Amino acid sequence: MTKLEEARKNINEIDAEIAKLFEKRMMAVEEVIAYKIENNLPIFDESREKEVLKRNVEKLNNEKLRLYYEEYLQMMMDISKKYQKAILNEKKE
């Protein structure tokens, strides 16, 4: 197996783990939106997003990845908000 093939195999394994974690995260998002609906709270919470970014970026060991990880986290939060909106729209119908 070449170094490229090994690297791609490693990426495939990591992607499989990420898929499982993504599903787990989105199930938690369902709980969040249920609470927000119940308590008439908005989907977007700017202070929460800032806190999530700050807290998680601090966990990085590799500083050169900071901007990329912040972007990754922001995209995940944007997807979560999009999913919350979809759930909210389903409840209204």
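So, helix H3, residues 66–92: its buried residues are Leu73, Met76, Met77, Ser80, Lys81, Gln84 and Ile87. By buried I mean under 20% relative accessible area; exposed is over 50%, and partly exposed is in between, with a 1.4 Å probe and protein chains only. Helices here are DSSP runs of H or I with at least four residues, strands are E runs of at least two, and both are numbered from the N terminus.

Before I go on: this is a predicted model, where local features need pLDDT of at least 70 and side-chain atom pairs count only at pLDDT 80 or more, while totals for chains, interfaces and linings use all residues. Residues are numbered from 1 along each chain as its sequence is written, and side-chain values use heavy atoms, with hydrogens and water left out.

What covers those buried residues of H3? The cover includes H1 and helix H2, residues 46–57. As for H3 itself, it has 27 residues and reaches 39 Å from first C-alpha to last, close to the 39 Å expected at 1.5 Å a residue. That expected span is 1.5 Å times one less than the number of residues.

Okay, the whole chain. You've got 3 helices and 0 strands, running α-α-α from the N terminus. The radius of gyration is 17 Å, well over the 12 Å the globule rule gives for 93 residues, so the chain is more spread out than a compact globule. That radius is taken over C-alpha atoms, and the rule is 2.2 Å times the number of residues to the power 0.38. The C-alpha atoms fill a box of roughly 55 × 30 × 15 Å along the principal axes. Buried residues make up 18% of the 93.

Now lysine 36, over in helix H1. Buried or exposed? Lysine 36 counts as buried, because its relative accessibility is 13%. Setting aside neighbours within four places in sequence, lysine 36 is in contact with Leu41, Pro42, Ile43 and Gln84; contact means heavy atoms within 4.5 Å. And Gln84, remember, is one of the buried residues of H3.

Last stop, the surface. Ile14, Ile18, Tyr72 and Met75 make a nonpolar patch of about 330 Å². H1, residues 3–38, and H3 each give two or more residues to the patch. Patch residues have over 30% relative accessible area and no salt bridge (a Lys or Arg side-chain nitrogen within 4 Å of an Asp or Glu carboxyl oxygen). Nonpolar side chains, meaning Val, Leu, Ile, Met, Phe, Trp and Tyr, are joined within 5 Å, like charges within 9 Å. Areas come from the Shrake-Rupley method with a 1.4 Å probe. Isoleucine 18, in H1, is partly exposed at 35%.
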